[in-house]
Structure formats: structure tokens, C-alpha cells
Amino acid sequence: MVSILNDRSSGPWRAMVRRYGTAILSTGVVIWVRSLLQPWLNEECPFSLFYLSALLTVWIAGTGPAIFAVGLGTVAAAHFFIPPSSSLLIDDVPDLVQLIIYVFVNCVAIMLFNRAERQRDLAENRSLENERLSDDLRKADLRKDEFLALLAHELRNPLAPIRTSLALLERNESSPDVVRRMREIIHRQTIHLIRITDDLLDVSRFCRGKVELQVRRIDLRLAIADAIEMVESSLKSKSQRFQSLIPDDPIWVDGDRVRLAQLLANLLGNASKYTPEAGRITLNLEPIDDLVSIMVSDNGIGFAPVQADRIFEPFVQIDASRTREYGGLGVGLTIVNRLVALHGGTLSATSRGPGMGSCFTVTLPAATTMQSSDANLFADDFTDNASRTSCQSESSVTTKGKSLLLVEDNKDASALLAELFESEGFQVYQAYDGVEAIQKATQTHPDVIIMDIGLPGMDGYETARRIRRSRTIAGIKMIALTGWGGPTDRDLAIQAGFDLHLIKPIAFQTLHDRAQAMIDEPVPSEKCDKPSFAQT
């Protein structure tokens, strides 16, 4: 160890000795050559050959040794080749002029060489920087592709039951039971889409595994039921036999129900994808001490045991040679792995080999057993908890005779929203751009205006400002209903004169209650416990 430290500390000294040794060696060689030429040159041009030692040194050893070589050359010329011999004094004016020229020319040469070296180093650094930037661009492009793949994969699962539900509604419009069940499915899957879309808007957060969970104590069986619902159509389309082994008692975990359903749906969808028609897929939920184990097994194509870790990497297919047959982007298991890790669990994959099926095991920390009174809070898996937290009036308030102006350039969205408000007793007026909104507001004097921000021609901010500047309609309550939900957007809405800033998509009941509260009171109901201007 001591010898290694000595070697490291002596390294710079050795390099310095080599560099300045070059100056000494080159000067010594020039002295020797000049001595050989002394019979012919005599006292003429005493510094001529010493130019070579300085230039050679700066080329090999750099600026410092070159300056040292210039000094050595001056001393050597004065001592050996300028009379009086063996003296360092230079009295003759021509010799002094030659000395000045020698020093000046070498200093200029050293400066030029040093400048060229800096430019060369700068060019090398720029080349390295360009390579780094090029590598960053390639990584950014890869992250973009990964994001698009994740987006497509994430949206496909909840869209499948929505599409199937719509098809069933078309065939069973007269059946109240079917309509109710399909409405509940569409509602739940729409909530899934909203949550997924909110997270996928921030590309870097998701791609770097920074998705935030909405953790609460849940019965894991509910998340499993949601996941089965997502992949049910896929299982039926391939006539696959699916068996779920789930305990009758609740299995409590601390997690995000939507994300747990998402990761389990990915596992089930992956099993269905790589299992042939009429194949067998099993989901087994089992509590083990302070852990919960979820096993998804199938009798599909399987994989080589050496691939057990690699299949969790992005864009890796279980069987790359069959990519064309099975399709897909190879991101499903990556998503599962990330979400399991976010829940503090582990994910493992096993297979006895190609054609022997596979088994994926998710292990999650179990939560403590809940009291029966608390468990009742989670018993209804068809209830949207988000809508339950919306502001509600303490008693039903009649809306008869109340008027409302909807400003929305999407005519379908405006028509649907108008129909809902009319069913609640509102008199609804509609406008599709800012200019029309000002005209309709001036003519009708509505009690409240619900306005989109992204309007053609004049945006919602400018429309609100003009309404506030009007003498006749300045006091109308205005709600901004927009997809722009950042802090800056909220501030812009405040500055423009909006009383409330709501973010799309929003439950109609929440929108109705906020509009009604603004009509009945100067501020929203105190039951909401929110300031007069709120962002929802």
C-alpha cells in the first residue's frame, strides 16, 4: 500500500522531470552540434541553432520547458560562443541585438504554439461535448419512444371494457340491469383513464419511476376484481380457462387501488397473450405471515430460466423470435416491476423452460387487520370515492329559474353538459367562442358562466377580462373549466377575473354543486372548507 501511494505521489514529479529533461537534452544536443560547426561559424550567428532547441522543446514538452530551453540557450550561447569565452556577459551591441531577436522570436513562437494547442484542446473538448450531446439526444429519443409505448399500453386495458360495454349497451338498451352494470363499468374504467392520463402527462416522472401513488388501506380483492374486469374480454376471445383462488376474508394492504389493478391486469394480460387458445390461467391470492402473495401462472410458451431477470427490462419480449406472432412492445412487465417496487414489494418470474408455462409472483407487505366498522368504508366497489369527496349541499337546493352560459368550442361536449344542467332545472345558453360569449352574456345576463380557456380567436382569459370591464355584466360569476391545471394557469385565471378554476375532466355533480354554490352565495359553501377562489 505504501509503495502504491509513493508511486502515485511520484507520478507528477516524474512527468515534470521528463518534460524539463527534454529542454536540457535538446539544448545539450544543440551545444554539441554548434561546437562541431565552430571552425566554420566562429563567432557568427551564436543563437542560430538554439532556435531549434526551443521549438523542439515546445513541441514535445510544452510551454514551461520551452521557456526554460530559451534561458538555457541564452546562457549556453553567451558562455560558449560569444566572446569573451567562459563569460556570461554580452557587451557587443550586435550580439545583444541577436539575443533580443532570439528571445522575441522564440517567445512569439511559443505563444503561437500554445494558442494552437489551446485551440486543439478546445476542438477535442467540443468533439467530446458533441458526442455527449448526441448520446443524450439518443437517450432522450429512447425515453420518448418508451413513453409512447407506455402510453399506448396503459390506455389499452381500460379502453377494452369500455368498448365492450358500449357494444353491449347497443344490443340491450331496453334492459335496465344491463344498462346499470355497463354504466358502472364505464364509470370505473373512465376513472382509471383519468388517473393514468394525469400521471402520463409528466413523461420524465413516469419513465424514471417517479409516479406518485394515492396510498390508502384497501381490500386487495377489489383491485383483483378490477384487473379481471380489464382482461375479461381478452380471456373470452381466446376461450382461455381462467381460475381465481381468492380467500373469502378481506386481504388488507396499503396501496393504490388503481395502480394495483393496473399491474395485475398487465400480468393477466401478459399471461393471456402468451398462452394459446383454450389454455389455462390461474390467479392465486394468499396471505403469508406479514406478506401477501399473488401468483399468476399459465401453461403458455414459458421462457428459459436464464431470461428470468431480463424479461423485466423495457422492450424485451419473452420470445423475441415470435414478436411478429405475439406483437406488443415489451413494456408490460417493466410497468409491473416498477409499480410493485413503488408499493414496497417484489416481483419474480419462474419457468421450467420454453413451452412449459410461466409463473409470476408479486409479494406485497400486508396491512394490519381492520376493524369491522372501518372495513365497511371499503365494502362498496362500485362507488367512486372521488365523487364522494366533492362538495355537497346540506340540503337539496332548487335550481328552477337559474340561468347558465356555457362557453365551449367542442359542440358535443357543450351539448352533453347543457343537457345535464337542463335536467337539473337550469336555463342554459351556449356560446362557442369568446365574441359570441360576450354577446350572449350581454343579452341574457346569466347567473353564472362556465367557460373553457382554449377558445378559437379570443381565448377564455381575454373573454373574462372583457366581461369584467363591461359596465352591464361585470358582476356575473365565472368559472374556468379547462384542461390547463398548473399553478401558473390558476394565477392567470385569477388575474383574468374568474371566480373559480376547475380542471377537466370533472364529475358533473361536482361542477353542478360548485355552480349552484356560486349562484346562492357570494362564495362556495363553507362545507367545502375552501377559499373563495379554489382550484379543483
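This is a predicted model: local features need pLDDT of at least 70, side-chain atom pairs count only at pLDDT 80 or more; totals for chains, interfaces and linings use all residues.
Residues are numbered from 1 along each chain as its sequence is written, and side-chain values use heavy atoms, leaving out hydrogens and water.

**Exercise 1. Find how many helices and strands the protein has, and what share of its residues is buried.**

Step 1: The protein has 18 helices and 12 strands. Helices (H or I, at least four residues) and strands (E, at least two) are DSSP runs, numbered from the N terminus.

Step 2: Of the 536 residues, 40% are buried. Buried means under 20% relative accessible area, exposed over 50%, and partly exposed in between (1.4 Å probe, protein chains only).

**Exercise 2. Work out which residues of helix α16 are buried, and what they pack against.**

Step 1: In α16 (residues 460-469), the buried residues are G460, Y461, T463, A464 and I467.

Step 2: They cover an arc of only 165 degrees around the axis, so they sit on the same side of α16. The arc is that of the directions from the helix axis to the C-beta atoms.

Step 3: Their packing partners are α15 (434-444), β10 (448-451), β11 (477-482) and α17 (487-496). Contact means heavy atoms within 4.5 Å.

Step 4: Now look at the N-terminal end of α16, which is capped by D459: a side-chain oxygen lies 3.3 Å from the backbone nitrogen of Y461. A polar contact is a pair of N or O atoms within 3.5 Å; within protein, one must be able to donate a hydrogen and the other to accept it, and residues adjacent in sequence count only if both atoms are side-chain atoms.

**Exercise 3. Is D452 buried or exposed, and which residues does D452 touch?**

Step 1: Locate D452 in the loop between β10 and α16.

Step 2: D452 has a relative accessible area of 8%, so D452 is buried.

Step 3: Not counting residues up to four places away in sequence, D452 touches V407, E408, D409, G460, L481, T482 and K504.

**Exercise 4. Describe the second largest cavity and the place of H343.**

Step 1: The structure holds two cavities of 30 Å³ or more. On a 1 Å grid over the protein atoms alone, a cavity is a set of points where a 1.4 Å probe fits but cannot get out; lining residues have an atom within 4 Å of a point.

Step 2: The second largest cavity has a volume of about 40 Å³. Grid points are joined across faces, edges and corners, and a volume is the space filled by probe spheres set on the points.

Step 3: Its lining is formed by V253, D254, L260, H343, L364 and P365. The elements giving two or more residues to this lining are β3 (252-255) and β7 (358-365).

Step 4: H343 lies in the loop between α11 and β6 (346-350). With a relative accessible area of 10%, H343 is buried.

**Exercise 5. Where is D289 found, and is D289 buried or exposed?**

Step 1: D289 is in the loop between β4 (280-288) and β5 (291-298).

Step 2: D289 counts as exposed because its relative accessibility is 78%.

Step 3: D289 also has a positive phi of about 55 degrees although it is not a glycine. Most residues other than glycine have a negative phi.

Terms used. On a 1 Å grid over the protein atoms alone, a cavity is a set of points where a 1.4 Å probe fits but cannot get out, and a pocket is an open set with protein on both sides within 12 Å along at least five of seven lines; lining residues have an atom within 4 Å of a point.
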